[in-house]
Amino acid sequence: MSERPKKKKRLRAIDAPFVALGPSGVAIRDRLKNLTIADDRVLRLIGDHLGTLASLDLKARCADGSDHDSEKWAARKQRLTSESSSRWAGSITKATHDQWALSRRCQLAHMETLEAGVRMLMHRLSQPLGDRGTKWAAGGYRSKGEWFHKSRRLHILQHRLERARTDREDGRVHVVRGGRRLLGTRHNLDKAQLTEHEWRQRWEAERWFLAADGESGKRFGNETIRLTPDGEVSIKLPAPLAHLANSEHGRYILASKVTFAHRGHEWRDRIDSNRAVAYRIHLDVARGRWYLTASWQRPVVTTIPLETARANGMVGVDTNADHFATYRLDRHGNPVGEPHRFSYDLSGSADHRDAQIRHAITRVLHWAKSCGVAAIALEDLDFTAEKTREKHGRKKRFRQLISGMPTGKLKARLISMAAEAGLSIVAVDPAYTSQWGNQHWQKPLVSPRRTMSRHDAAGIAIGRRALGHPIRRRTAPPSHDQSDRVGHRTVQAEPGVRGREETRPPATERAHDARTRTGTTRGTRETSAPKTVRDARNAGTWVQDPLLIID
């Protein structure tokens with residue numbers, strides 16, 4: 001029985017590294033302390049009233065579908081103005097439009113996931129039973145029973161895909177104010193360890209609306225929710241609640257004073273110059289605390305050129321399910337020092353996971369600053385097409401692993417925090433970094449006092465790719481003999497060095513002769529004189545005497 005010939009592995013094209021753009025906005029938060037009972041009651045009434053208007057406006061927007069235009073937007077805003085105010089109506093309609101647009105983008109992503117699942121199922125169902133497949137294509141299913149269940153799932157996914165396409169063509173989206181996850185929690189209160197009353201409080205608080213967009217040129221940058229430099233918070237009451245005002249012009253002043261400890265000077269500079277600042281007030285039901293969030297846009301942070309980011313070397317970061325594996329590299333791509341690992345725990349609540357990520361990123365940034373580098377290399381990860389069970393089949397733990405890695409949120413958080421630390425982020429293609437890092441770097445760097453993991457080697461591969469160097473340490477040795485007639489074997493030189501991949505001088509040439517011709521004899525030591533006559537140097541020159549020529 002002849003063996004199947006080994007097929008050469010086909011590598012996909014690798015994208016060039018690039019410097020990621022910095023953050024385009026700022027958000028800071030502070031707690032509303034020392035609120036009175038009357039303040040709490042007014043905030044709840046305002047949130048409930050505006051939340052009802054926001055729900056009705058979202059329903060009207062979804063009914064318009066793809067036929068929505070500026071005239072219908074103006075009509076919706078006009079209907080809301082009589083029940084609130086012109087500025088409240090503008091904030092509500094803008095939030096509604098943003099939520100509808102987000103739902104459309106999520107709908108498209110869901111369709112792409114369904115299409116990928118359908119393609120994989122159709123391919124595997126067309127293969128013979130028991131076919132193991134190859135590295136490039138999946139094989140068939142193991143048994144008739146599995147084939148039957150997968151054929152049923154194919155019809156289910158095709159039905160879902162057809163329904164999603166119909167919804168998209170009709171401009172229909174499915175939106176839940178308050179969140180679909182919290183809505184589903186209502187049917188699993190025991191698992192969530194909540195009573196019906198506690199769930200109801202959270203549900204109502206999530207559906208409130210207490211957000212106002214800023215407006216440049218107005219007093220302190222916002223007329224609806226106004227925050228003065230001394231921390232006084234006042235709210236423009238909607239028309240039906242105007243009788244609750246405790247100040248002139250239908251405004252209600254809270255007893256709390258706000259002082260932003262983080263970025264307070266930036267916020268104060270904006271309101272002193274009457275530039276737009278958006279505010280949002282929300283209630284943390286679990287803690288029973290009110291918070292105020294201020295946010296504003298700013299020009300995108302100017303990124304440094306890629307060559308400038310590479311000047312002092314780089315720190316390569318490999319993202320894993322429970323830690324960052326980092327390694328420092330100099331500008332030539334050589335690893336420096338020891339590998340560093342920064343652990344985090346992604347189990348537990350969302351707040352706990354977010355705090356763990358922030359703490360780990362902070363430690364990475366502090367260490368990178370101490371190394372003197374100007375940039376951090378990070379993989380441009382996207383597991384959108386990798387989470388389907390149709391692709392990975394029985395690998396449930398692997399699917400849970402990649403689903404639990406918050407790649408999008410982690411990248412956004414790292415870019416934002418790195419910009420404040422004065423560091424840039426260089427995003428690289430993640431293709432083959434773990435495989436080639438393990439192949440070329442893990443074993444050579446192991447020593448009696450150093451342990452190298454596959455993830456540490458991947459950090460080196462990521463850093464070298466960001467620096468513009470190949471991941472491999474050496475090219476293949478010469479194919480003819482042990483001389484260098486084939487060419488250079490090293491790839492440690494910089495990509496811009498001239499002659500990096502050119503052939504070396506012939507093997508018969510002496511080193512001192514080469515130095516003499518290139519003018520590099522200064523500061524060098526000549527080799528000792530040879531002991532054989534054949535190799536002895538001849539200092540004279542041969543000249544043909546014309547007198548010896550015989551006609």
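Is Leu-129 buried, partly exposed or exposed? Select Leu-129: at 43% relative accessibility it counts as partly exposed, because buried means under 20% relative accessible area, exposed over 50%, and partly exposed in between (1.4 Å probe, protein chains only). Before moving on, note that this is a predicted model, where local features need pLDDT of at least 70, side-chain atom pairs count only at pLDDT 80 or more, and totals for chains, interfaces and linings use all residues. Residues are numbered from 1 along each chain as its sequence is written, and side-chain values use heavy atoms, with hydrogens and water left out.

Leu-129 sits in the loop between α3 (86-126) and α4 (144-170). Helices (H or I, at least four residues) and strands (E, at least two) are DSSP runs, numbered from the N terminus.

Next, go to the strands 225-227, 232-236 and 251-257. These are β4, β5 and β6, an open antiparallel sheet in the order β4-β5-β6; two strands pair if DSSP finds at least two bridges between them. β4 and β6 are the edges, each with a single partner strand, so one side of each has no neighbour in the sheet. Zoom in on β5 and β6, which pair over 4 bridges, and pick out Ile-235, whose bridge partner in β6 is Tyr-252.

Now select β8 (residues 289-297). On one pairing, β2 (residues 25-31) runs antiparallel to β8 over 7 bridges, with Ile-28 opposite Ala-294. β7 (residues 278-284) also pairs with β8 in the antiparallel sense, over 7 bridges, and here Ile-281 stands opposite Leu-292.

Last stop: the β7-β8 hairpin, with 4 residues between the strands. Click Gly-288 in the turn, which has a positive phi of about 70°.
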